[in-house]
Amino acid sequence: MMTQAMSAMIESLRQRFGQQVQSMRAERENETYIVLRDADIRPITEYLRGEFGARLVTVFAEDRGSVEGVFFNYYVFEQAGSAQYLIVQAPVRPESLEFPSLSAELPAVNWQEREIQDWFGLTAVGHPNPRRVALHDNWPDVYPLRKDFPLETKLPPFEGERHIYRPALGEGVFQVPVGPVHAGIIEPGHFNFAVAGEPILYLQLRMFYTHKGTEKLFEKLPIHKAVFLAESISGDSSFSHGTAFCQAIECAADMEVPLRALVMRTILLELERLCNHVGDIGAIATDVGFVVANAHASRLREALVTLNERLTGNRLLRGMICVGGVRRGWDQSQLDSLRNAVDSFASEFQDLMSLIDSSESTRDRLEQTGVLRPDKARDLGIVGVGGRASGVDLDVRRDHPYAAYSRYSFRVPVYEGGDVWHRMQVRIDEVNESIGIIRKATAESLHGDFRVPVPVIPADRCALSAVEGWRGEIIHWIRTGPDNHLQRCKIKDPSLNNWPALVEAVEGNIIADFPVINKSFNLSYSGTDR
Amino acid sequence: MFKILQKTLKTGTVTVNYPADPAEISQHFRGRPNFDFEKWKDARPAAEVCPTGAISLTDKGDSRTVTVDYGLCIFCGLCAEASSDLAVRITQAIWFLPRNTSSMPTSHTAD
């Protein structure tokens with residue numbers, strides 16, 4: 001329901017910027033669109049943020065050339081205390097393909113505006129760092145998300161690129177390049193450190209090595225197949241991304257998902273959170289030498305993925321989400337397994353915490369390491385676990401409830417410390433809250449359908465969907481097309497917001513602490529790069 | 001130190017003696033789908049629904065060739081859901097890695 005504050009904000013906006021507003025529509029209960037006549041988004045953004053404390057969630061583009069004659073940028077706003085999203089749609093200047101950049105005042109959208117530049121060939125005027133980020137330097141001048149760029153395009157072979165990093169100069173200063181090939185089984189990303197002895201002076205990081213053209217592929221696949229693509233955006237968040245995608249389709253098709261399915265989705269989303277949080281706690285311990293703790297954490301995680309296999313047929317919950325619900329129901333023995341596994345996990349987790357607490361050397365390594373100051377976290381638009389450890393009080397489950405979350409009460413842990421210790425503490429608290437949510441959800445007696453049939457999905461419907469993945473805020477925005485296909489699918493993984501935080505967090509730390517700092521954020525390469 | 005030892009002793013051994021003992025795989029696990037080509041009346045629904053195109057059909061005159069490429073299979077199980085007879089069965093089979101993906105496809109031609 002639109003809160004008073006949100007409707008007051010929208011009304012205020014219309015009055016103040018009436019000349020600029022071409023049209024307004026409430027697409028659905030929690031999604032209002034305001035279409036502008038021109039590209040001038042800056043005064044509106046300043047007004048919404050300044051007067052109403054609104055937060056700019058994401059910005060993305062769409063090629064509406066053949067239909068409306070222009071590209072559009074979409075600016076998604078939210079306001080604390082309201083479940084509403086306000087989407088301001090601004091046309092990109094048709095002759096020059098330019099739009100005003102917000103990045104100088106809002107570093108949070110730095111990469112997002114550059115992504116628009118790289119994939120659509122538009123220009124963010126006034127961007128403080130307009131270099132390519134989402135396509136590497138050796139790509140030819142192509143704009144893959146434009147409608148006139150076919151998915152099947154075969155580009156000529158590339159030359160190896162030589163990306164120029166900013167030099168860091170001084171007596172005794174040298175560069176340590178790490179990656180893109182890493183020592184562990186992780187995806188490629190490059191970290192270029194400037195160090196003087198052990199302490200890190202400056203970090204430049206480079207992502208998008210695994211750019212696969214996912215958003216373009218979404219425009220080709222029929223929707224029921226695209227669900228599997230959504231699951232593969234970030235493999236450890238397959239259920240969260242899959243849910244975000246299905247929710248968007250269900251909104252567009254005005255489908256009501258049965259309660260039993262919503263409760264099951266909630267349980268599975270929390271199981272995904274548990275698996276990853278306990279795995280990360282173990283990994284943080286191992287990065288500072290406490291391998292025994294990691295052995296136990298891995299054992300706990302293994303028990304959970306075994307449960308996942310029993311509940312969904314897959315250790316990482318793949319193939320379970322579908323448009324209209326979930327693909328299978330649970331019999332009594334599966335429900336018993338679920339209850340027993342969660343009880344056993346809860347008790348073992350207490351033991352693990354007690355083990356970690358007993359190690360003062362571990363605590364010493366983690367405290368004051370990798371501090372991300374709350375003011376920097378806020379300016380950079382950091383979300384999720386990394387944000388909450390640095391005072392950013394956001395959680396989609398509470399702020400824009402989805403699935404069955406509005407039925408269960410739970411705490412959202414927020415700290416100001418911003419170091420590795422606090423990022424671990426957020427995970428510990430969230431594990432305990434997740435156990436509580438799962439218990440409350442399984443206590444509900446689930447009868448009825450776990451899935452409803454999917455109607456023909458109407459064309460040209462827009463829908464926004466948000467999920468609090470275990471890393472943070474996931475956003476999917478779609479525009480449906482004819483014949484059960486999509487015209488546009490924009491994905492914002494929380495990692496897209498959070499990578500720049502690493503630059504701030506490592507400053508002044510020793511290079512040997514980089515692995516644990518990186519692990520304490522645990523960001524997705526694939527989710528960012530798409 | 002004592003806490004660590006205490007916990008280790010209490011936990012005991014959790015690893016299983018695979019392959020001497022069988023792997024503990026749930027009956028709900030989605031492993032390799034098995035195709036009974038003789039019994040399969042109509043492969044078209046499965047081919048249509050397969051998200052990756054692992055199941056493909058070619059018709060030549062009166063005969064139809066169904067090709068299953070396990071290299072493309074993502075074990076989603078939609079093929080079994082789409083086939084009304086039991087020609088497609090999801091098994092719990094996990095070990096069937098070939099030397100390279102080109103030795104994956106299985107074809108069957110029927111009239």
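Visitor: What makes A:Glu504 count as partly exposed?

Guide: Its relative accessibility is 23%. Buried means under 20% relative accessible area and exposed over 50%, with partly exposed in between (1.4 Å probe, protein chains only). Since 23% falls between those cut-offs, A:Glu504 counts as partly exposed. Before we go on, this is a predicted model, in which local features need pLDDT of at least 70 and side-chain atom pairs count only at pLDDT 80 or more, while totals for chains, interfaces and linings use all residues. Residues are numbered from 1 along each chain as its sequence is written, chains are lettered from A and ligands numbered from 1 in the order in which they are written, and side-chain values use heavy atoms, with hydrogens and water left out.

Visitor: How do you know that A:Glu504 forms a salt bridge with A:Lys376?

Guide: The closest N and O atoms of this pair are 2.8 Å apart. A salt bridge is a side-chain nitrogen of Lys or Arg within 4 Å of a carboxyl oxygen of Asp or Glu, so the pair qualifies.

Visitor: Which residues do salt bridges that share partners join into one network?

Guide: The network consists of A:Glu62, A:Arg64, A:Glu68, A:Asp460 and A:Arg479.

Visitor: What makes A:Arg64 buried, and what makes A:Asp460 partly exposed?

Guide: A:Arg64 has a relative accessible area of 4%, so it is buried. A:Asp460 comes to 42%, so it is partly exposed. Their side chains meet in a salt bridge at 3.9 Å, N to O. A:Arg64 lies in strand 3 of chain A and A:Asp460 in the loop between helix 15 (420–443) and strand 13 (462–468) of chain A, so this pair links parts that are 396 residues apart in sequence.

Visitor: What makes the pair of A:Arg55 and A:Glu78 tie parts together?

Guide: Start with the distance: the closest N and O atoms are 2.8 Å apart, and the two residues form a salt bridge. A:Arg55 sits in strand 3 (residues 55–64) of chain A and A:Glu78 in strand 4 (residues 70–78) of chain A, so the pair joins parts that are 23 residues apart in sequence. A:Arg55 is buried at 18% relative accessible area, and A:Glu78 is buried at 6%.

Visitor: Why is helix 7 of chain A called largely enclosed by the rest of the structure?

Guide: Because 14 of its 15 residues are buried. Helices (H or I, at least four residues) and strands (E, at least two) are DSSP runs, numbered from the N terminus.

Visitor: How do you know that the span of helix 7 of chain A agrees with its 15 residues?

Guide: The expected span of a helix is 1.5 Å times one less than its number of residues. For residues 238–252 that should give 21 Å, and the end C-alpha atoms are 21 Å apart, so the two agree.

Visitor: How do you know that a polar contact joins A:His163 and A:Asp137?

Guide: A polar contact is a pair of N or O atoms within 3.5 Å; within protein, one must be able to donate a hydrogen and the other to accept it, and residues adjacent in sequence count only if both atoms are side-chain atoms. The side chains of A:His163 and A:Asp137 are joined at 2.8 Å, and the side chain of A:His163 makes another such contact with that of A:Arg206 at 3.3 Å. A:His163 lies in the loop between strand 7 (123–125) and strand 8 (173–178) of chain A, and at 17% relative accessibility it counts as buried.

Visitor: How many residues does the contact take from chain B and from chain A?

Guide: Chain B gives 21 residues and chain A 24, where contact means heavy atoms within 4.5 Å. The two chains bury about 1,800 Å² between them, 54% of it on carbon and sulfur atoms. In chain B, B:Lys7, B:His28 and B:Arg30 lose the most area to chain A, together 34% of what that side buries. Buried area here is the accessible area (1.4 Å probe) that two parts lose on being put together, summed over both.

Visitor: What makes A:Arg451 and B:Glu81 a salt bridge?

Guide: Their closest N and O atoms are 3.9 Å apart, so the pair meets the cut-off already given.
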